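Here is a short report on one protein chain. Keep the sequence and the 3D view open while reading.

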Amino acid sequence: MLPSRKTKRAFSGDFTPARKRRRCVVPSSISPAPENTTGADLLDSIPDDLVVSILCKLGSTSRCPADFINVLMTCKRLKGLAMNPLVLSRLSPKAIAVKAHNWSEYSHRFLKRCVDAGSLEACYTLGMIRFYCLQNRGNGASLMAKAAISSHAPALYSLAVIQFNGSGGSKNDKDLRAGVALCARAAFLGHVDALRELGHCLQDGYGVPQNVSEGRRFLVQANARELAAVLSSGIQARSTWLSLSQPPQVPNHGQSCPLLSDFGCNVPAPETHPANRFLADWFAVRGGDCPGDGLRLCSHAGCGRPETRKHEFRRCSVCGVVNYCSRACQALDWKLRHKMDCAPVERWLEEGDGGEGNVQIDGNGNGDNVLLPMS
């Protein structure tokens, strides 16, 4: 008979039970970490002012609303600190970039809370939405004015466009001198579209004594700022856009936009401000490109401004098909798209529409609803 396993272990001197494991002895110098009996979180040990400072930095550099919304959804404490007025006042334009199809009363209240906290971007964005989309002209203009008083360049330029067109009122409500003054202030702050608008005003004598050489200087300065912004953005493959070639003969659909002074140097189209993108999407979602009965949108895709009365915007004097809220929008769209599409049309000149059009611009800024063709 063969010996059993138990017998073998007895002969070998191993009396340890078969299924019993050896216990590992922990040195007395090493003690296990105490259990967290209070349930405290490490975040609770960080002072509130330090968390608010971090959230201010995050909000001011956010590239989309989700960057900020994710903080609100993290925990109750972060949600409370993220709604601190100091944080809300420093949110970037992209952090408050509400989408038109997601617009709701909650979005409205959030922007209003940012306005109450002192955010100039929220003042401008909500002002544009109320003025053009919700048709609350007085309140929208006052919000933009609040931002303009604090030297917010886009708000200054938007108020200038309103003054040039008499938006929200009649043709007699236009104030060309006020528009030029607002443009000059925005141009001083480096707003490229304001520089462009001021240059065309000086060249055409529109609301200001005509000075072609000074207007040309402002246009060159606008081009230089536009080019500097592109160079500082670190765009790759610069040889594809920085070239001394003729403008393309086919529409590029917004992929690149030559400099307006025809220096032959192509740069990418400027990024649309979130407020302008909201306007364009708002009217697209609500029935195509028509903001109302007989009203039209600015033909420059990056603008989004609608007419507030019939024949408010000026139309191209060659084709009569497109219309623009400003000379700056016309200049951008001319190089971006319309230069390849424009063709003479005489039919619209014979139409007695009883509006404000069919008049050529003169040196005093009178008869200002037909735009001269771009060179």
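## Basis

This is a predicted model, in which local features need pLDDT of at least 70, side-chain atom pairs count only at pLDDT 80 or more, and totals for chains, interfaces and linings use all residues. Residues are numbered from 1 along each chain as its sequence is written, and side-chain values use heavy atoms, with hydrogens and water left out.

## Overall make-up

The chain has 14 helices and five strands. Helices (H or I, at least four residues) and strands (E, at least two) are DSSP runs, numbered from the N terminus. Of the 375 residues, 43% count as buried. Buried means under 20% relative accessible area, exposed over 50%, and partly exposed in between (1.4 Å probe, protein chains only).

Contact means heavy atoms within 4.5 Å. Among contacts between residues at least 6 apart in sequence, 58% join residues at least 24 apart.

## Nonpolar core

The largest nonpolar core holds 75 residues. Helix 7 (residues 120-133) gives the largest share of this core, nine residues. A nonpolar core is a set of buried Ala, Val, Leu, Ile, Met, Phe, Trp, Tyr and Cys residues joined through side-chain atoms within 4.5 Å. In soluble globular proteins, nonpolar side chains tend to be buried together.

The residues with the most contacts inside the core are F68, L91, W103, F110, F164 and F278. Take L91: leaving aside neighbours within four places in sequence, L91 touches G59, F68, I96, F110 and C114.

## Helix 10

Helix 10 (residues 176-188) has 13 residues and should span 18 Å at 1.5 Å a residue; its end C-alpha atoms are 18 Å apart, which agrees. The expected span is 1.5 Å times one less than the number of residues.

Buried here are L176, G179, V180, C183, A186 and A187. Seen down the axis, the buried residues of helix 10 fall within an arc of 125°, so they line one face. The arc is that of the directions from the helix axis to the C-beta atoms. These buried residues pack against helix 9 (153-165) and helix 11 (192-204). On the other side, R177 and F188 are exposed. Just after helix 10, G190 takes a positive phi of about 95°.

## Helix 13

Helix 13 has 12 residues and reaches 16 Å from first to last C-alpha, close to the 16 Å expected. Its buried residues are P274, A275, N276, F278, L279, W282 and F283. They pack against helix 7.

## Second largest pocket

Which residues lie nearest the centre of the second largest pocket? They are P65, I69, A97, V98 and K99, among 21 lining residues. Helix 3 (65-72), helix 6 (105-117) and helix 13 (274-285) each supply at least two residues of the lining.

## Loop residues

C319 sits in the loop between strand 3 (314-316) and strand 4 (323-324). C319 is buried, with a relative accessible area of 4%. C319 and P344 are 25 residues apart in sequence, yet 4.7 Å apart in space, C-alpha to C-alpha.

Most residues other than glycine have a negative phi. S151 has a positive phi, near 65°. S151 lies between helix 8 (137-149) and helix 9 and is partly exposed at 29% relative accessible area. H311 has a positive phi near 60°. H311 is in the loop between helix 13 and strand 3, partly exposed at 24%.

Terms used: On a 1 Å grid over the protein atoms alone, a cavity is a set of points where a 1.4 Å probe fits but cannot get out, and a pocket is an open set with protein on both sides within 12 Å along at least five of seven lines; lining residues have an atom within 4 Å of a point.
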